[in-house]
Amino acid sequence: MNDDLHRILLKGGVTSPGELKDIITMLEAAGLREVYFGSRQDLLFPLVKKDEASLESISKYNTDIIGERNYQNIVSSYVSADIFEMTYWLKGSTYLYILEEFDYLPKLKINITDPKQRLVPLFSGNLNFIASEQDDYWYLHLNIPGWKEPDFYPVLIYSWDIVRISKNIEKVHKQVHDVTSLFDILNKTIDTNNKNIQKKLETPYLTFPYYEGMNRMELDQYWLGLYWRNNRYDLQFLKDFCGFCLDNSIGKICITPWKSFIVKGIKQKSRPELERFIGQRGINVRHSQLEMNWHLPVDDHEAFELKKFLVRNFDENDISTYGLTFGISHDVGKRSHFASVIIEKNQSPSIVQNFQIRPTYNVLHFKAFDPNTLTYVSYAQDVDKVELPGLLMELSKKYFKQLGITQESPKEKLIPQEEEITVFQCNSCMTVYDESLGDERNGILAGTIFENLPESYVCPVCESAKSSFQKTAMTLKKV
């Protein structure tokens, strides 16, 4: 991240339209017209002419502007609650209660996440609280600065102990270097409602979700995802959008780690007004999925141009990257990414720094292309930029070849049989209509052939028209 950027920390990536509008007023007073979203669900912006105190005095919400790198925003998967798969007991309100309990600015990175979603990384923090299957209890994965390796806390943490545990770890973590010592100190310091771990954390592999456009949330509610490819969000647009939310009783706006934002709970009666609002401003809500699955450094023109070059090549070659994510990094060895595939730019040797040489790149991916494995695999080293598209396209084929295949022992391994079926797939969000299954959400019975669907039929996920579906052959593997 650019060291000149200041931040406003939004706990858990959650803000209200009123609070965001108040923040925008502060930024406009500093002469700004745009704001960036950070990968830790915060707001970033350059601040030169105005000092922090004078701007903070404008805020009605007592918003702090953070100019130091010592403090960290709390990351949460609240943004995914109620719109993607969830742990059964974990509701949106649970996140909000826990976040409200934080009465201090953490210096350690804290993540509070649901393992059954993929939009927010589980392990990118120093203290990673991950929901368990037991009501109101969390695993705690520790990746403390100065420790030799990450480790899990030996017991489950109760929801209402998360803040106390976090605050006390922050006080003592420099004095200890392993989880056993930390556990002993905390047991003597605070009284907590821990629970024994019955089984190790399991993180099922999940494909990356499509998070843009207007999508059905409940019978009479929708959620909206908006994405700007250059991560430069116009303050006037955001202010107008906050006004729409306030006028339509929409209480929360959520920032994602992918530098986009999501608004939930849009009532059906508000949808036409929102569509006019977006359409009149020429906002694109149907970006190619090839470009929405990238994690780039903030305000990095070189990384942005490399991404455009690679996406253009993917598009020209008609390559699918569905479920894959990509990250670009200029810090070889400092890998805190949560994308499936990482492209690292090598630094030029100091001995030739006075000469113009072409940069080279390394390509890595997580084991099984799953960031939750926390294990990198090197795929290519010191390759030229022009070689990257071909390498990444081959890597995407490798990903699809292993997708869904579990590692079994030779005795247990069964030979899969393939069956080809015909389905109809939505061109906008890739949702599949299978005639043998029908569409329960839209009241379509199993066995209804696609041609017999009413012309008013729409995609149950993104509500694209029936004409948006394309006949597609799909291969199923049966054991």
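Q: Which residue stands opposite Glu34 in β14?

A: Asp234 does. Strands here are DSSP runs of E, at least two residues long, while helices are runs of H or I of at least four residues, and both are numbered from the N terminus. Two strands pair if DSSP finds at least two bridges between them. In this case β3 (residues 34-37) and β14 are antiparallel partners joined by two bridges. Before we go on, note that this is a predicted model: local features need pLDDT of at least 70, side-chain atom pairs count only at pLDDT 80 or more, and totals for chains, interfaces and linings use all residues. Residues are numbered from 1 along each chain as its sequence is written, and side-chain values use heavy atoms, with hydrogens and water left out.

Q: What is the strand order in the open sheet that holds β3 and β14?

A: Read across the sheet, the four strands go β1-β4-β3-β14, with antiparallel pairing. β1 (5-8) and β14 (233-234) are at the edges with a single partner strand each, so one side of each has no neighbour in the sheet.

Q: Which residues does Asp382 touch?

A: A contact means heavy atoms within 4.5 Å. Asp382 belongs to strand β21, and leaving out residues up to four places away in sequence, it touches Asn346, Thr360, Tyr361 and Asn362. Asp382 and Asn362 are 20 residues apart in sequence, yet 5.5 Å apart in space, C-alpha to C-alpha. The side chains of Asp382 and Asn346 also make a polar contact at 3.0 Å. For that term you need a pair of N or O atoms within 3.5 Å; within protein, one must be able to donate a hydrogen and the other to accept it, and residues adjacent in sequence count only if both atoms are side-chain atoms.

Q: What describes two packed helices?

A: The angle between their axes and the distance between the axes. Axes are lines fitted to C-alpha atoms, for helices over the stretch in contact, and angles run from 0 to 180 degrees between N-to-C directions. Take α6 (residues 235-247) and α7 (residues 271-280): their axes are 11 Å apart, at an angle of about 170°. They are therefore roughly antiparallel; angles under 35 degrees count as roughly parallel, over 145 as roughly antiparallel, 65 to 115 as roughly perpendicular and the rest as oblique.

Q: Which residues of α6 and α7 meet?

A: Phe237, Asp240, Phe241 and Phe244 of α6 meet Glu273, Leu274 and Phe277 of α7.

Q: At what angle do α4 and α5 cross?

A: The axes of α4 (residues 162-172) and α5 (residues 179-189) cross at roughly 120° and come within 11 Å, so this pair is oblique.
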